[in-house]
Protein chains: 2
Amino acid sequence: MSQNSASAVDDARRDAVRTFLEAHKDEFVAQLSEWIRIPSVWTDPERRDDVQRSAEWFAAAARATGFPTVEIWPASDGAPTVFAEWPSDNPNAPTVVVYGHHDVQPVDPVEQWSFAPFEPAVVEGPDGDRLLGRGASDDKGMVLYHLFGLRANLAASGRTSPPVHLKLLIEGEEESGSPAFPELLRAKRDRLGCDVIVVSDNGHYAAGVITTCVRMRGLTDCQIDLHGPDVDLHSGSFGGSVPNPLTVLTHLLAGLHDANNHITLEGFYDDVAPLTDVERDLIARLPFDDAQWLETAESRATFGEAGYTTLERIWARPTCEIHGVWGGYMGPGHKTIVPTDAHAKVSFRLVANQQPLDVQAALHAYIAANVPDGITAKVEFFGDGVRPYLVPIDDPTVQALVRALGRAYDDEVLFTGEGGSGPEADIAEILQAPLIFLGAGLPTDRVHAPDEHAVISVLLKGAETAAYLWDELAALPSV
Amino acid sequence: MSQNSASAVDDARRDAVRTFLEAHKDEFVAQLSEWIRIPSVWTDPERRDDVQRSAEWFAAAARATGFPTVEIWPASDGAPTVFAEWPSDNPNAPTVVVYGHHDVQPVDPVEQWSFAPFEPAVVEGPDGDRLLGRGASDDKGMVLYHLFGLRANLAASGRTSPPVHLKLLIEGEEESGSPAFPELLRAKRDRLGCDVIVVSDNGHYAAGVITTCVRMRGLTDCQIDLHGPDVDLHSGSFGGSVPNPLTVLTHLLAGLHDANNHITLEGFYDDVAPLTDVERDLIARLPFDDAQWLETAESRATFGEAGYTTLERIWARPTCEIHGVWGGYMGPGHKTIVPTDAHAKVSFRLVANQQPLDVQAALHAYIAANVPDGITAKVEFFGDGVRPYLVPIDDPTVQALVRALGRAYDDEVLFTGEGGSGPEADIAEILQAPLIFLGAGLPTDRVHAPDEHAVISVLLKGAETAAYLWDELAALPSV
């Protein structure tokens, strides 16, 4: 849509950026290889020194790039975050926090790798030269290209400081679920003030389909416990005359969806940002094949909310799933009882602007209103939930990113979402700034799996995009 | 209702029966005590010789009473049934099979007994003298009173043979679920031809509330297995876009009942004999207190099919219960998956004239029609089910029994049902005869529990009722 807007990057500047990156490609690969050799698996207690070494490696690289302030911040559990700051000499420039992580996934099952995970090598692949190794894509490759992107920006412009106030925030326990990271963010909030957060920890929709993510679903989940009679009852002597907690549970759970698979909780959709025609059109332009996707899901049919496509259902619509149900007699053969108890685990995936706590209240109200006399119900949520995240595609920061991507790839830019739920909304909430996604991975990178690798030209496109993005953001009237 | 019909037993005959039984009360107690001392627990492999001794004891008692034919029939598993036959000298008399059993329940937990289970003693109770011991009520007391009832009948009438062709059929594995008994019945069908079956293995509704059972519910039960994706899926990446077998299961199960707790299966009520106003009035005349009954059920509220009382719901209306449900993640904490499988165990209690196989077909059709694409469903029934049983209260045999009970107790006779399911319908089906219930137990007898006992005067009322019943049945125009 916005590829027609004027870019702040002219052709001459672009040529200079590309020339710099082409000239420093081998240096980039060499540095990334060095970093990959440090097995920074925070989840493995035996590797925690390596995680510290990894932080120190990147801190040194940031210093060498020219960042005047570089610090290592240990979280309360010890996981080291690297913080690097380089102010612009333009005091009115916007402030950007780049978020990434330097810890990597464990390598188990190591016997399924076709190469040594921490001994990087370059091999030719169908998509160009690949750098093999754990962390090549997720996330060392995407963190490191920011140093090269910035160097390209400075080399091409002749500036001695970035066009934006730039802060790098590279955490050390992302693959462990970032247990202590939000606390660290809150503690360091005064150092992390910014106008926009750039997350570099994901990728494009597919090779040749250039995208940025603009939405992630939130989550709130709970356990429901119903109690009926205090003893298992003979279903002949008592069946049909006292409430059976399992029957009540099936009614409660089935009642959460109507015949169109809409969720029935009072007010559930009140805060849902409706999909605009433009957004639906953009999603529809992504190549997608239900049959191929069912193969991935090892499922035999699509299913879901009436009136929406599969991608819309996963990315842009809230859903409710039952994860587990149990109660009564679950052994072999038969035992005809009215059981004492019934249990379920249920979650709601949320989309902007739903609030997890509102959904929790609606479920509590629904259960209270629909549990018959004789059954006691307990609904316990696992924490306060995860907020959904949405950056409107017409937000100026998103449009700046679209222009940067368009310049880097000479291609149309489309938009994706994430069905899952991450801490992004919390980061944005704590830092009080919008959050945009600049990733340069491919779905074929095998992140979290054996044989992780990155396509070197794609990582360098990430560096190139970053080089343009700082100029695009600096050119905004205000962020 | 029918207490006004003319009885075949005049007052003089009744006085003679009562005089005989009063005179032989001590003999009855002595014989029953002797029989109780034989611990005929068929479920205990170490007691199987005792079960054989018990059969021999009763065979000898029947012979001593005058039965010309007495045989012991081993079932294919060895459990001994006593068969005794005494034809009437009136060739046109109806033929009656009396059914009972001489095996008894195990005595565990034996430490909860306040006396030795197999050392009978007479003690005074609030309801008169009690005979203490396992089997005093269930079922040795109720079997033995038939010998004394017949002796009283013969003594009072001066006859030398019973007024009906009388056959006693006293099985030896009832408390084990009669696994081989139906097979024995079929094998001996030519010896068991009859016009009516009298079951003596139950009791009255309460002390002072004289009743006979006219209905038992049938049963058919199954396991339902649903399969969705072949792997557990991430509910963020896939939730809301493929069918979740647990969600489908809750819809299938919840859909079995409508808002009035009627069962929704196609044609389910087509064969249900509706409760007549007379039957409802008779049930309503039984003393019943929901609060007290909930205390027994350890439940907090009644619940069930709209428009029916608790007793009607249990005895006279079909029900559907869920006995167990399981699937997905059932451990502590949360795991947000779309699971591969979902399972449930479900039963239907049936009333006359529903056929278990019809209900099985209706459930199969319901599942097939309501399982969405992408889910495979398997429904497996545990066998062919148990047929419901109903004797209409205006059946001549029931009316004969009502007159006999009315003469014995000088009281109104009411009617009960059984919510549970027993082999009675199968016995009636195999022997091709109606089946009526002449029991003389009380709900306070503690059958199947520690401290089983019988009230001696109540057992003798059973004997007295039997003495009259043969005359009442013989007086019927035809049975």
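Copies are superposed by least squares on the C-alpha atoms of residues with pLDDT of at least 70 in both. In this predicted model, a rotation of 179 degrees with 0.0 Å of shift along its axis brings chain B onto chain A, at an RMSD of 0.1 Å. The two copies are thus related as by a two-fold rotation axis. Both copies use the same surface, since 100% of the contact residues of chain B recur in chain A.

**Chain A as a whole**

Chain A contains 14 helices and 18 strands. Its radius of gyration is 25 Å, close to the 23 Å that the globule rule gives for 479 residues, so chain A is as compact as a globular protein of that length. The C-alpha trace of chain A spans about 90 × 50 × 45 Å along its principal axes.

Of the 479 residues in chain A, 59% are buried. The chain exposes about 17,900 Å², and carbon and sulfur atoms supply 48% of that area. Among contacts in chain A between residues at least 6 apart in sequence, 80% join residues at least 24 apart.

**Backbone exceptions**

Most residues other than glycine have a negative phi, and most peptide bonds are trans.

A cis peptide bond with omega of about 5 degrees joins A:Ala352 and A:Asn353. A:Asn353 sits in the loop between strand E13 (341–350) and helix H11 (356–370) of chain A. In chain B, the peptide bond from B:Asp138 to B:Asp139 is cis, with omega near 10 degrees. B:Asp139 belongs to the loop between strand E5 (128–132) and helix H4 (140–157) of that chain.

Positive phi angles occur at A:Asp451, about 65 degrees, and at B:Gln432, about 55 degrees; neither residue is a glycine. Are these residues buried or exposed? A:Asp451 has 15% relative accessibility and B:Gln432 has 63%. Buried means under 20% and exposed over 50%, so A:Asp451 counts as buried and B:Gln432 as exposed. A:Asp451 is in the loop between strand E17 (435–437) and strand E18 (453–455) of chain A. B:Gln432 is in the loop between helix H13 (424–431) and strand E17 (435–437) of chain B.

| Residue | Relative accessibility | Class |
|---|---|---|
| B:Thr310 | 6% | buried |
| B:Asn153 | 1% | buried |
| A:Pro106 | 28% | partly exposed |
| A:Glu174 | 21% | partly exposed |

B:Thr310 is in helix H10 (residues 310–315) of chain B. What does B:Thr310 touch, not counting residues up to four places away in sequence? Its contacts are A:Ser241 in chain A, and B:Phe288, B:Asp290, B:Trp293 and B:Thr302 in chain B.

B:Asn153 lies in helix H4 of chain B. Leaving out residues up to four places away in sequence, B:Asn153 touches B:Pro163, B:Ala467, B:Trp470 and B:Asp471.

A:Pro106 is placed in the loop between strand E3 (95–101) and strand E4 (121–125) of chain A. A:Pro106 and A:Trp42 are 64 residues apart in sequence, and their C-alpha atoms are 8.5 Å apart in space. Residues up to four places away in sequence aside, A:Pro106 touches A:Val41, A:Thr43 and A:Arg134.

A:Glu174 is found in the loop between strand E6 (165–171) and helix H5 (181–187) of chain A. Not counting residues up to four places away in sequence, A:Glu174 touches A:Tyr99, A:His101, A:Asp103 and A:Asp201. The C-alpha atoms of A:Glu174 and A:Gly267 are separated by 34 Å, and the two residues are 93 apart along the chain.

Definitions and conventions
Residues are numbered from 1 along each chain as its sequence is written. Chains are lettered from A and ligands numbered from 1 in the order in which they are written. This is a predicted model: local features need pLDDT of at least 70, side-chain atom pairs count only at pLDDT 80 or more; totals for chains, interfaces and linings use all residues. Side-chain values use heavy atoms; hydrogens and water are left out. Helices (H or I, at least four residues) and strands (E, at least two) are DSSP runs, numbered from the N terminus. The radius of gyration is taken over C-alpha atoms; the globule rule is 2.2 Å times the number of residues to the power 0.38. Buried means under 20% relative accessible area, exposed over 50%, partly exposed in between (1.4 Å probe, protein chains only). Contact means heavy atoms within 4.5 Å. Accessible areas come from the Shrake-Rupley method with a 1.4 Å probe; for residues, only the protein chains shown count as cover.
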